[in-house]
Amino acid sequence: MRKKIAVFRREQFNAAHRLNNPDLSAEENERIFGKCNNPNYHGHNYILELKVVGYPDEQTGYVIDMKILSDIIHEQVVRRFDHRNLNLDTQEFKNLNPTAENIAIVIWNLIRPHIAAELDLYVRLFETERNFVEYPIV
Ligand SMILES: Nc1nc2c(c(=O)[nH]1)N=C([C@H](O)[C@H](O)COP(=O)(O)OP(=O)(O)OP(=O)(O)O)CN2
Ligand SMILES: [Zn+2]
């Protein structure tokens, strides 16, 4: 009987950001986002983990070729966000607060069209060693 299995690929990108909601006052932004609201942008070494779930192909034994998965992440995420200021340099976060949650959802939306429809995709994004998010939730 065929069994479903998960394939994981981890990549890294470095990016600067500032958490800020332009609809709120400076005081509210400072209260909510604290040091992450500092006008001097700060950086994170983001660790991105993709999980792809499906049945291994009968011929290859692959759910997805991890090399191809790596290429997709580089093309769609690393090339776009690495060594960028997310607020200033990217279209995706011009009008979207670059929280870990929003970054993970944006990344899922960028990667999803490049993964075969029969496979499930999950994104885990580490902003720091202790702060991380997952999308979507099962
Ligand atoms: N729900 C969210 N909360 C926070 C986010 C976020 O994206 N979503 N982001 C931040 C900051 O950008 C950053 O992650 C916090 O950095 P820092 O406090 O330096 O990191 P640590 O929590 O790992 O450091 P401690 O030493 O544990 O304070 C904040 N919140
Ligand atoms: Zn931050």
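pLDDT is the predictor's confidence in each residue, on a scale from 0 to 100. The structure described here is a predicted model, in which the chain has a mean pLDDT of 98 and 100% of its residues reach 70 or more. The scores for the model are ipTM 0.92 and pTM 0.97.

The strands form an open sheet of five, arranged in the order S3-S1-S2-S4-S5 with mixed pairing. Strand S3 (84–85) and strand S5 (132–135) are the edge strands, each pairing on one side only. Strands of a sheet pair through backbone hydrogen bonds, in either a parallel or an antiparallel sense. Strand S1 (residues 5–17) is antiparallel to strand S2 (residues 42–54), and 13 bridges link them. Within this pair, Ala 6 has Val 53 of S2 as its bridge partner. Val 53 also stands opposite Asp 120 in S4. S2 and S4 run antiparallel and are joined by seven bridges.

Val 123 is paired with Tyr 135, its bridge partner in S5. Tyr 135 is also joined to Pro 136 by a cis peptide bond, with omega at about -5°. Pro 136 itself belongs to the segment after S5.

In a regular strand, side chains alternate between the two faces of the sheet. For S4, the covered face carries Leu 121, Val 123 and Leu 125. The uncovered face of S4 carries Asp 120, Tyr 122, Arg 124 and Phe 126. Helix H2 (residues 66–81) lies across S1, S2 and S3, and its direction is at about 20° to that of S1. H4 also packs on the sheet, where it touches S2, strand S4 (120–126) and S5. The angle between the directions of H4 and S4 is about 145°.

Ile 105 is located in helix H4, which spans residues 100–111. Ile 105 has 17 other C-beta atoms within 10 Å, so it is classed as partly exposed. Between Ile 105 and Gln 12 there are 93 residues of separation in sequence and 17 Å in space, taken from C-alpha to C-alpha.

His 83 occupies the loop between H2 and S3. Although His 83 is not a glycine, its phi is positive, at about 55°. His 83 counts as exposed because it has 11 C-beta neighbours inside 10 Å, and the cut-off for that class is 12 or fewer.

The model also contains ligand 1. Around ligand 1 are Leu 19, Cys 36, Thr 99, Ala 100, Glu 101, Glu 127, Thr 128, Arg 130 and Asn 131. By residue class, this shell is made up of three nonpolar, three polar and three charged residues.

How values were computed
Residues are numbered from 1 along each chain as its sequence is written. Chains are lettered from A and ligands numbered from 1 in the order in which they are written. This is a predicted model: local features need pLDDT of at least 70, side-chain atom pairs count only at pLDDT 80 or more; totals for chains, interfaces and linings use all residues. Helices (H or I, at least four residues) and strands (E, at least two) are DSSP runs, numbered from the N terminus. A residue is buried if 20 or more other C-beta atoms lie within 10 Å of its own, exposed if 12 or fewer, and partly exposed in between; C-beta atoms are placed from the backbone. A residue is near a molecule or strand if its C-beta atom, placed from the backbone, lies within 6 Å of it. Ala, Val, Leu, Ile, Met, Phe, Trp, Tyr, Cys and Pro count as nonpolar, Asp, Glu, Lys and Arg as charged, and the others, Gly among them, as polar. Two strands pair if DSSP finds at least two bridges between them. Two residues are in contact if their C-beta atoms, placed from the backbone, lie within 7 Å. Axes are lines fitted to C-alpha atoms, for helices over the stretch in contact, and angles run from 0 to 180 degrees between N-to-C directions.
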